[in-house]
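Hello,

I am handing over the structure we talked about, and my notes on it follow below. Please have a look at it first and then read on.

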Amino acid sequence: MDKRVALVTGSSRGIGRATAIALSAQGYNVIINCINNESLAKETADIICETGGRADYFMADVGDAQAVRALYEFARKTFGFVDTVVNNAGISRYALFTDEDAESYDSVMNTNLRGVFNVCRVFVPDMIENKFGRIINISSMWGLVGASCECLYSASKAAVLGLTTSLAKELGPSNITVNAVAPGVIKTDMIKNISLETIKGLAEDTPIGRCGEPQDVANAVCFLASKQSSFITGEVINCSGGYIIK
């Protein structure tokens, strides 16, 4: 196989950026993607290129099927066959269930679930043709157990897990593995509005004794993308430092 190629959605910052950089360090060519912060997307690509890797970026809303098709065409033209897809793009929402409405439902589901569907729908046919592929979906520990005041977020991330296991069964015969990572409390912009006191409490409630770093999730993704994981599919790595133990 030629040099491996990875697409990481939502990779302008946080977990996505850490994952893109980590995959590059493992020898992948990387396509960076985000919806609206072009300067940060370019910055991620520049970091990779400055350290000897190859990366480019493409702005696209993964919830928009036509935009994802354009992303696919760009990726194919830039690096060829994309054998690894990391569906990381996602948004969070904290609200009482009684304050939710159809608009908020559509907003969360469009990115967190439809985005995964759109990307897989476009990139999977090439994987089937090449009889090889790695799909890693970023869910959440709340997709495993649910969270109060995060009903829509939890539901979307639980749905991603259902999609993951179903695709794993369907695509296994084509030598395509499909797995998920369920991060816990990770130091990204998603927790920037949480007080330091609350974050300290979350760390204390985590058996490992700290909140996670984006690199912790990136390490799990790299393993699932590697040849060492070739007999693992349909699984969820609970990357929460033990915050959620089932």
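Helices α4 and α5 are roughly parallel to each other, a label used for angles under 35 degrees, with over 145 counting as roughly antiparallel, 65 to 115 as roughly perpendicular and the rest as oblique. Before going further, please note that this is a predicted model, in which local features need pLDDT of at least 70 and side-chain atom pairs count only at pLDDT 80 or more, while totals for chains, interfaces and linings use all residues. Residues are numbered from 1 along each chain as its sequence is written, and side-chain values use heavy atoms, with hydrogens and water left out.

**Helix packing**

Two packed helices are described by the angle between their axes and the distance between the axes. For α4 (residues 102–112) and α5, the axes come within 3 Å and cross at roughly 30°. Axes here are lines fitted to C-alpha atoms, for helices over the stretch in contact, and angles run from 0 to 180 degrees between N-to-C directions. Helices (H or I, at least four residues) and strands (E, at least two) are DSSP runs, numbered from the N terminus.

On the α4 side, M109, N110, T111 and N112 meet R114, G115 and V116 of α5, where contact means heavy atoms within 4.5 Å. By class, this contact has two nonpolar, four polar and one charged residues. Ala, Val, Leu, Ile, Met, Phe, Trp, Tyr, Cys and Pro count as nonpolar, Asp, Glu, Lys and Arg as charged, and the others, Gly among them, as polar.

Helix α4 also meets α7 (residues 151–171): their axes come within 9 Å and cross at roughly 30°, which makes α4 roughly parallel to α7. From α4, the contact takes in S104, Y105, V108, M109 and N112, and from α7 it takes in L152, Y153, A155, S156, K157 and V160. These residues divide into seven nonpolar, three polar and one charged.

**Aromatic pairs**

How many aromatic pairs does the structure hold? There are three, counting rings of Phe, Tyr and Trp (its six-membered ring) with centres within 6.5 Å; planes under 30 degrees apart are stacked, over 60 edge-to-face and the rest tilted. One of them is Y72 with F123, edge-to-face at 5.3 Å centre to centre and 80° between the planes. This pair links distant parts of the chain, with Y72 in helix α3 (residues 65–79) and F123 in helix α5 (residues 114–130), 51 residues apart. Both Y72 and F123 are buried (under 20% relative accessible area; exposed is over 50%, partly exposed in between, with a 1.4 Å probe and protein chains only).

Another is W142 with Y243: the ring centres are 6.2 Å apart and the planes are at 90°, so the pair is edge-to-face. W142 is in helix α6 (residues 141–145) and Y243 in the segment after β7 (236–239), 101 residues apart. Y243 is partly exposed, at 23% relative accessible area.

**Two backbone points**

K131, in the loop between α5 and β5 (133–138), is not a glycine but has a positive phi of about 55°. With a relative accessibility of 47%, K131 counts as partly exposed. N175, in the loop between α7 and β6 (176–183), is not a glycine either and has a positive phi of about 60°. Its relative accessible area is 40%, so N175 is partly exposed.

Best wishes
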